[in-house]
Amino acid sequence: MIGLEDADLMRRTASGDRESFRLLVERYQKPIYNFFLRSTGSKEDSEDLTQDLFLNLFNSARRYREIASFKTYIFRIASNMAISFWRKRRGKEIFSLDGDEAEGSGFDRFSSGDEPVADLDYAELDRAFKEALSKLPPEMAVAMELRVRNEFSYKEIAEILGKSVSAVESLIFRARKLLLSELRGFRGERDDP
Amino acid sequence: MDCGEYRKLISRKVDGEATAEETDLLVEHLVECQSCRRFESSIFLVNGLHESIPYEEPPSSLISGIMSGIYSGEEATVFSGWAKLAVAAAAVFMMIVGAGIGDYLADNAAEETVRKSGDIFNVEYLAVYPPNSVGDIVLGAIEGGENEQE
């Protein structure tokens, strides 16, 4: 049974086979838990969201159709849950899209030195990056998580988020500019105590 | 293409989404544009920082929590299934009983009317109380019924 494809396991789950479902949980609990962990910043919330996702998945197994890959399907559910969670909890903390995204901001200011971030302490930079990541607008952060850490293609991300490929491309590019802009701010604080 | 367009292309290339032709164009541009080269190295750095965030092991209680949630959910579903069946059975029973009572009452009422009609049109009755009209017959039936009740 271990060699079965995700879709086969889902079909067996739909007919009440709980062991097949356990295998699906074992396969996906780690990426889904970490996806929520990046989204919420809270282990407790990530555990709750992961549990909710799998329970809903089990209860709606009969409605599963193999239109997309199972991985795309489960991350679509996770993305919707993460974005919904963020909008409820973190609406006031995320970046403003009006200011930092203006043309010429971000990288240009960030990389005004000889070599970008070469003189930064890595641990500090790592902390600053995580903080910047946590401030991204929900859809941008989800798109970045799907692309960078879960290696979905733009086409797959478009399917997951219900957007066009060019919209996903734009979302990721703008996210990167915001991250660079935020790191530039970090560097500025450090350089100008 | 200006530097803004090339930077979008850099982002696509980092994600493996640029075509071979686009990559060739970009390489040509990067040779002569220091600003875009810095942008590219910054994107690589940001990606590297993102990728280096370690994956954490989910708590061991997670999978057992999910599986026990499924079992308890199924019990609830089974119970609700039986409950629904019981309610449906009760509803059918009530419909049958209700229909039976209705039929019984209707039949009784009909029988009573026929019985009273029989009394009214009884020859002996008509001999004692000869009717003047159909109205009298009806009135007699009502009065007769009332008298019987008394």
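Which pattern does chain B follow, read along the sequence? Hi everyone, the answer is α-α-α-α-α-α. Before the details, a word on the source: this is a predicted model, where local features need pLDDT of at least 70 and side-chain atom pairs count only at pLDDT 80 or more, while totals for chains, interfaces and linings use all residues. Residues are numbered from 1 along each chain as its sequence is written, chains are lettered from A and ligands numbered from 1 in the order in which they are written, and side-chain values use heavy atoms, with hydrogens and water left out.

Let's stay with chain B for a moment. Its secondary structure comes to six helices and zero strands; helices are DSSP runs of H or I with at least four residues, strands are runs of E with at least two, and both are numbered from the N terminus. Of the 150 residues in chain B, 24% are buried, and buried means under 20% relative accessible area, exposed over 50%, partly exposed in between, with a 1.4 Å probe and protein chains only. Taking the chain B contacts with a separation of 6 or more, 47% join residues 24 or more positions apart, where contact means heavy atoms within 4.5 Å.

Now over to chain A, and a pair of helices. H2(A) and H3(A), residues 43-59, pack at an angle of about 145° with their axes 9 Å apart. Those axes are lines fitted to C-alpha atoms, for helices over the stretch in contact, and the angles run from 0 to 180 degrees between N-to-C directions. The residues of this contact divide into 13 nonpolar, four polar and four charged. Here Ala, Val, Leu, Ile, Met, Phe, Trp, Tyr, Cys and Pro count as nonpolar, Asp, Glu, Lys and Arg as charged, and the others, Gly among them, as polar.

Next stop, Asn80(A). This residue lies in helix H4 of chain A, residues 70-89. Why does Asn80(A) count as partly exposed? Because its relative accessibility is 47%. Asn80(A) and Pro138(A) are 58 residues apart in sequence, yet their C-alpha atoms are 9.9 Å apart in space.

One more pairing of position and sequence: Pro138(A) has that C-alpha distance of 9.9 Å to Asn80(A), and Asn80(A) itself sits in H4 of chain A. Thanks, and I'm happy to go back to any of the helices on the screen.
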